[in-house]
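Dear colleague,

Please find below the structure I am handing over to you, followed by a summary of what was found in it. I would be grateful if you could read the summary alongside the coordinates.

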Amino acid sequence: MEYKVIGDSLIAGHGKGEIVTTDELQGSNVEYLVENGHIEPATKKAKDKE
Amino acid sequence: MASGVFLGNGAKVTVNSVDLSAYVSSVTINQEFDQLEVTAMGNSGHTYIAGLENSSISIDFNADFATSKVNQTINGSGATNGLVGATTQVVIQPFNAAASADNPKYTATCLVTQWPQVFNVGELATVSVTWPVNGAIVKTIS
């Protein structure tokens, strides 16, 4: 699964607007990152915003 | 990466995959092992072997409550305690570059046992923590 970085902090080396994969987030609490506005699922809707 | 002694201000610190290096003024990898005494007859001094790893990570943070910054990353953006009281992955490297023999990556699963926020008149708001490591610190060079 892919996620889009939406916060200002680098996530697994990726900056705002970039895509980070589940593999790159291995060992991390992905749900918590979503809840706290760091990333969001890279759905079609999210990609359309770019 | 380092061709000799080097300035320690280029370290990379991530917590739960979030790069918080810009808010870290100091980080210490306290890698320790229990010391088991095996001194026996015939020894002229104490003798030891290593027991279980008993490591911890110490980090001094500069506080920032803004969205996706250090406080919300660790203490949560909602009414919960966030990662405080839970385990999280902490990754430390001497330099912000790919892992290699001269820039090893240290990965630890830490129990976030504390989040002591300090606010003093005339001083920077900070949070200095020491979190115990669950299991062993893993060192990788690639």
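**Chain A**

In chain A, 30% of the 50 residues count as buried. Please note that this is a predicted model. The secondary structure of chain A consists of two helices and three strands, and in sequence order these elements give the pattern β-β-α-β-α. As for contacts in chain A between residues at least 6 apart in sequence, 42% of them join residues at least 24 apart.

**The sheet of chain A**

The three strands make up an open sheet, ordered E2-E1-E3 in chain A, with antiparallel pairing. The edges are taken by strand E2 (19-21) and strand E3 (39-41) of chain A; each has a single partner strand, so one side of each is left without a neighbour in the sheet. On average, and with direction ignored, neighbouring strands of this sheet are turned by 40° against each other.

By way of background, strands of a sheet pair through backbone hydrogen bonds, and the pairing may be either parallel or antiparallel. Here, strand E1 (residues 2-5) of chain A is joined to E2(A) by three bridges, and the two run antiparallel. Within that pairing, A:Tyr3 has A:Val20 in E2(A) as its bridge partner.

**Chain B**

Turning to the other chain, the secondary structure of chain B amounts to one helix and ten strands.

Chain B has 142 residues, of which 26% count as buried. Taken along the principal axes, the box filled by the C-alpha atoms of chain B is roughly 60 × 35 × 30 Å. For contacts in chain B with a separation of 6 or more, residues 24 or more positions apart account for 57%.

Yours sincerely

Definitions and conventions:
Residues are numbered from 1 along each chain as its sequence is written. Chains are lettered from A and ligands numbered from 1 in the order in which they are written. This is a predicted model: local features need pLDDT of at least 70, side-chain atom pairs count only at pLDDT 80 or more; totals for chains, interfaces and linings use all residues. Helices (H or I, at least four residues) and strands (E, at least two) are DSSP runs, numbered from the N terminus. A residue is buried if 20 or more other C-beta atoms lie within 10 Å of its own, exposed if 12 or fewer, and partly exposed in between; C-beta atoms are placed from the backbone. Two residues are in contact if their C-beta atoms, placed from the backbone, lie within 7 Å. Two strands pair if DSSP finds at least two bridges between them. Axes are lines fitted to C-alpha atoms, for helices over the stretch in contact, and angles run from 0 to 180 degrees between N-to-C directions.
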